[in-house]
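Visitor: I have not looked at this structure before. Please take me through it by question and answer.

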Amino acid sequence: MNMRADIEQHRLSGPTGREALQGLRQSADFTRLQQLQSPADFCNRMFLLLGRNLAVAAAMLPPEKRQEGVITFLCCRVLDAHEDLHADGATSARHILAAMEYLTGKITTPPPAPIYEGNRETDRLEALLSDRLPWLRQALEALPRPQQTRVSTLLTRIAVEMANDRAKERFGGQGHMEGRLDGNLAEYGRNVLGRIVQYSLELLEIDIPLNLDFKPIGQILQILNHIRDFAEDNERQQQAGDGPVIMLKLLLELVETSTTTPHALGKLHFAQISGERAAISYMVATGVASICKQLKVPAPWLAAHPLLSARAARYSQSFFNYLLGEIDSTLLALVTVLLQREAGHDNLPVAVYSSGGRANALQEAFELSIAEQHPDTATAIRLQNYIRLSRFSLAILDNLPTHRISGLPHNHIEGRRIMISDYFFAAAASVVCEIGPRELALFSRVGAALIEDRESGRGIDELGRTAAAVTEVVLQAQRCSAQEINAAVERNRAHSVALFARRRRRNTAFTTLIRLLSLLPPFRPAPPERAELGFTFAPRSALADE
Amino acid sequence: MSLKTASFEPSAPELRDPPATRPAPSAGETWRLAAVQEINRHRGELLAPARFLRPSLDYVLELEGKRLRPLLLLCFANLGESELKPRDNEYRAAAAIELLHEASLVHDDILDNSTVRRNRASVGEQFNVRTATHAGGYITSICLATLAECDRDIGETLGASLKDLVCAQLMEELPHPSSIQAHQQRSIDIMAGKTGSLFDMAIQIGLHLNKHNKSRHIPVELAIRFSRHFSLGFQMRDDLADLENDASIRKPGGNDLVQGNPTWPFLMWAQKKGDYQYAWARLAAAKGNQEKAQQLQDDIISTDTARDVRNKITEELESAKDNLRRTPPGPAQDFILGIVEKLQP
């Protein structure tokens with residue numbers, strides 16, 4: 001049982017691609033797991049069973065990156081076990097911290113493993129994993145020093161956040177979900193899962209541009225986790241509180257958060273042929289497919305074929321961008337449809353929301369690239385969020401009916417559609433509020449002008465107003481002279497107008513190929529016995545389980 | 001127009017349409033009339049730059065109303081002053097808050113299928129859904145810009161308050177919860193979001209302006225508590241007026257029941273009945289059915305529910321007054337107390 005030798009020989013680097021794919025359909029054999037005497041075999045098996053889709057994605061990476069990822073993932077799952085499997089918040093908080101301190105070498109005795117007597121497979125696996133904590137510590141100590149430090153830093157940060165979250169229950173007296181819905185869902189998502197996402201990008205040695213924010217991915221994972229728990233509680237009729245309202249709030253939060261993610265991912269730099277890009281594509285595709293599955297909405301073709309997407313993205317950045325564009329439209333359509341469905345409108349055509357303003361992707365990309373140049377990175381991120389939210393808000397209002405209210409069918413969806421647009425608008429305003437009152441005033445006036453343009457029959461930002469305003473804000477922050485600002489504003493406005501006129505010529509090669517492929521009989525592995533959640537590199541939140 | 005302490009008579013401001021013959025207005029009423037005129041002037045100015053939406057915006061501008069939110073804003077901006085004499089930027093902010101309220105109504109009418117608003121066609125009915133939506137969005141944008149220009153600290157709460165407002169509007173459309181308790185809680189949340197967020201906004205902006213213009217620090221918690229109780233009392237009053245066909249709401253009475261809206265009187269009646277399923281079935285049957293809605297309305301009125309609602313309104317408004325009395329005295333405080341008093345059923 002020499003863990004150091006295992007690490008050096010890359011024995012502890014997760015299953016192979018084939019094993020991982022087969023593992024998607026396997027349930028855990030607990031008797032065999034308990035009998036495993038080799039730490040490397042045990043960890044690899046646990047990674048496969050708890051990671052599911054992550055194990056498939058990990059197999060696309062070089063072995064030296066994989067083994068650190070496997071160890072980190074399993075350590076996170078131990079923290080998650082202590083977070084979720086103790087009924088009492090104070091005990092949970094104490095054991096989370098103890099597990100972290102033991103793993104990072106601060107104490108010598110591991111905390112007792114949580115006791116779980118239920119039937120949920122992931123919880124049983126986590127409890128068993130927590131019982132083998134010394135093996136995980138050995139594995140962590142066998143990593144090269146810089147990697148050890150990186151993992152320890154991550155574990156310390158997220159453990160403190162998780163412990164604080166559980167400890168709060170003593171004071172708030174609220175359950176996990178309701179407490180978080182009261183305001184700290186986003187904060188928790190960013191600080192726990194968001195940190196894990198950032199760590200993962202560092203592990204993959206992907207340069208993270210400072211003016212891009214990846215923590216919202218953590219928020220999305222956290223929201224998905226809640227949606228999953230919510231659906232399970234609903235099935236078991238154990239739902240506390242006002243179920244429809246909880247779901248509405250989760251979906252609205254998902255709407256707001258998901259708008260920025262595809263853009264940020266599209267800005268990552270990869271090698272020409274990249275296993276990392278393939279792995280991320282696989283995770284993105286399976287993630288979207290799992291959202292669709294959970295919410296009972298058909299998944300887009302590419303998301304339903306994650307291996308194909310990953311394979312193509314390995315060799316082509318253009319394909320990766322195309323995939324993100326598809327996901328982008330799908331997220332908007334998905335959430336919008338769901339919000340309609342919550343109100344009992346099941347027959348909404350998805351296409352209404354995925355067309356319109358989203359066709360102006362080139363223009364939007366130009367605006368975003370200007371925003372990225374803001375010298376303050378926090379403001380750069382906020383400006384990008386504003387642009388995305390504002391455009392979505394306008395896109396939703398495409399093709400509004402020109403009937404009077406009395407001419408609408410009784411159970412029409414237009415009012416709700418308008419409200420969803422209003423929510424995006426308010427979210428955009430909320431983001432700009434954080435930049436400052438001057439910017440709020442400027443962008444609000446731009447918004448008013450854009451709406452008038454729509455009324456006059458113009459397309460979304462046909463006159464390049466957003467690009468001009470963003471240029472003004474960025475250059476003022478860069479302390480440029482009035483003359484320079486004016487010149488740049490006019491130049492960028494003209495360029496934006498030209499981009500609007502060009503629109504995005506959809507990548508016809510990809511579009512045609514995917515249309516042809518979608519005509520073929522579906523090629524996909526037999527459905528897993530249990531529903532899969534794509535994003536799995538996280539404690540509990542996005543796990544492949546029921 | 002100013003109102004000094006000495007000349008102020010604490011008579012309640014007139015919140016309803018004035019009768020054909022009426023006695024000479026009190027000083028408070030005179031101030032209110034002048035303030036409303038000024039607010040209306042600023043409303044027009046704020047929307048003046050519009051071109052393509054001109055007809056629909058003019059139609060919105062013609063809309064009469066109590067101007068309760070802007071009046072509250074002006075009063076909170078002048079709490080503690082010996083003279084109620086708002087500044088120009090306070091009037092601009094007040095006009096913006098009123099327009100923000102009106103914009104929310106334009107969109108809300110489309111959501112609710114309401115063809116009538118304040119005794120005339122709603123904007124979506126007068127023009128069309130597309131134009132009404134654009135008009136509402138345009139007004140909201142202009143109001144945000146105006147408020148951000150009025151005071152640098154105002155912006156902080158605007159986005160969050162708007163989100164609360166929209167979220168509450170969406171909550172109204174959700175499937176119903178399974179218990180009367182959850183239903184009551186949801187109704188309170190909807191009231192807090194739909195009615196309360198705009199009152200909160202008006203009052204907090206007023207306080208910001210008071211701090212900025214007059215360097216006076218009034219604990220915001222007091223104002224928020226006032227706002228919560230006031231808006232709850234106000235919404236219940238509105239629900240009661242709808243139930244009793246009170247002309248002051250200037251739209252057809254019994255509208256809430258025909259819309260299938262579980263208003264406060266309905267929820268209290270349902271609780272009294274003790275049979276949530278039965279009560280709910282009655283409301284579901286009333287939705288879109290004038291006759292059944294009328295029967296349900298009669299049933300609710302025939303019980304003591306209206307009295308219970310009145311008691312609850314009084315309780316909320318008294319709590320609002322208690323909090324208000326802890327703010328610096330003066331004509332602004334007296335005026336607000338008058339507004340609260342006027343809401344007593």
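Visitor: Is R479(A) buried or exposed?
Guide: This is a predicted model, and the values here are computed from it. R479(A) has 8 C-beta neighbours inside 10 Å. A residue with 12 or fewer counts as exposed, so R479(A) is exposed.

Visitor: Where in chain A is R479(A)?
Guide: R479(A) is not a glycine, yet it has a positive phi of about 55°. Its place is in the loop between helix 24 (465-477) and helix 25 (482-502) of chain A.

Visitor: Is N113(B) buried or exposed?
Guide: N113(B) is also a residue other than glycine with a positive phi, near 60°. It lies in the loop between helix 4 (88-112) and strand 1 (116-117) of chain B. The cut-off for a buried residue is 20 or more neighbours. N113(B) has 20 C-beta neighbours inside 10 Å, so it counts as buried.

Visitor: How many helices does chain A have?
Guide: Buried residues make up 54% of the 546 residues in chain A. The secondary structure of this chain includes zero strands, and its helices come to 26.

Visitor: What span should helix 23 of chain A have, at 1.5 Å a residue?
Guide: Helix 23 covers residues 437-455 of chain A, which is 19 residues. Of these, 17 are buried, so the helix is mostly covered.

Visitor: Which residue just after helix 23 of chain A takes a positive phi?
Guide: Just after it, a phi of about 100° is found at G457(A).

Visitor: Which helix gives the most to the side of chain A that touches chain B?
Guide: The contact takes 44 residues from chain A and 49 residues from chain B. On the side of chain A, the elements that give two or more residues are helix 13 (243-258), helix 22 (414-435) and helix 23. With 13 residues, the one that gives the most is helix 22 of chain A.

Methods
Residues are numbered from 1 along each chain as its sequence is written. Chains are lettered from A and ligands numbered from 1 in the order in which they are written. This is a predicted model: local features need pLDDT of at least 70, side-chain atom pairs count only at pLDDT 80 or more; totals for chains, interfaces and linings use all residues. Helices (H or I, at least four residues) and strands (E, at least two) are DSSP runs, numbered from the N terminus. The expected span of a helix is 1.5 Å times one less than its number of residues. Two residues are in contact if their C-beta atoms, placed from the backbone, lie within 7 Å.
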